[in-house]
Amino acid sequence: MTLVMLVGFLITQDVFTRKVKVVFIAKSGEGLSKSMPVMYSGFQIARVHKIELRDDGLVELRAKIPERYNKWVKEDSEVRIQAQGVIGANSLV
């Protein structure tokens, strides 16, 4: 019973879903944080799992999005920071 519940939980958390690594580049790290949501058309498709300052002074954010959403994220896509709701946390849109 416990094993079935554990597998069910892992399925709902998309643990077994194939993911694609996505890298976002920003000029500043202001307002950015690890675990911030990545949104597309109002739906959360991922979370930022790593933030690094590169040698050229730019900020690199890494996320893993489910493979089924890869068709909407292109190489020249632009991302912006947006607050969720009136006093909500920031997210990448």
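Predicted model: local features only at pLDDT ≥ 70, side-chain atom pairs only at ≥ 80, totals over all residues.

Reader: How many bridges are there between β1 and β4, and in which sense do the two strands pair?

Author: Strand β1 (residues 19-26) and β4 are joined by 8 bridges in the antiparallel sense. Pairing needs at least two bridges, so with 8 bridges β1 and β4 count as paired. In this pairing A26 sits opposite V59 of β4.

Reader: What makes β3 and β4 a pair?

Author: The same test: 5 bridges join these antiparallel strands, and the cut-off is at least two. Here I51 faces L61 in β4. The hairpin of β3 and β4 has 5 residues between its strands, and G57 there has a positive phi near 90°.

Reader: Why is β4 called largely enclosed?

Author: A residue is buried when its relative accessible area is under 20%. In β4 (residues 59-66), 6 of the 8 residues are buried, so the rest of the structure largely encloses the strand.

Reader: How many residues lie between β2 and β3 in their hairpin?

Author: There are 2 residues between them, and S41 in the turn has a positive phi of about 50°. Strands β2 (residues 37-40) and β3 (residues 43-53) pair antiparallel over 4 bridges, with Y40 bridged to F43.

Reader: Which residues lie nearest the centre of the largest pocket?

Author: They are F24, V73, S77, E78 and V79, out of 20 lining residues. β1 gives the largest share of that lining, 4 residues. By type, the lining has 14 nonpolar, 2 polar and 4 charged residues, and the pocket holds about 410 Å³ of space.

Key. Residues numbered from 1 in each chain as written. Heavy atoms only, no water. Buried < 20%, exposed > 50% of the residue type's maximum accessible area, 1.4 Å probe, protein only. 1 Å grid on protein atoms, 1.4 Å probe; cavity = no way out; pocket = protein on both sides within 12 Å on 5 of 7 lines; lining within 4 Å. Points joined across faces, edges and corners; volume = space filled by probe spheres on them. Nonpolar A, V, L, I, M, F, W, Y, C, P; charged D, E, K, R; others polar.
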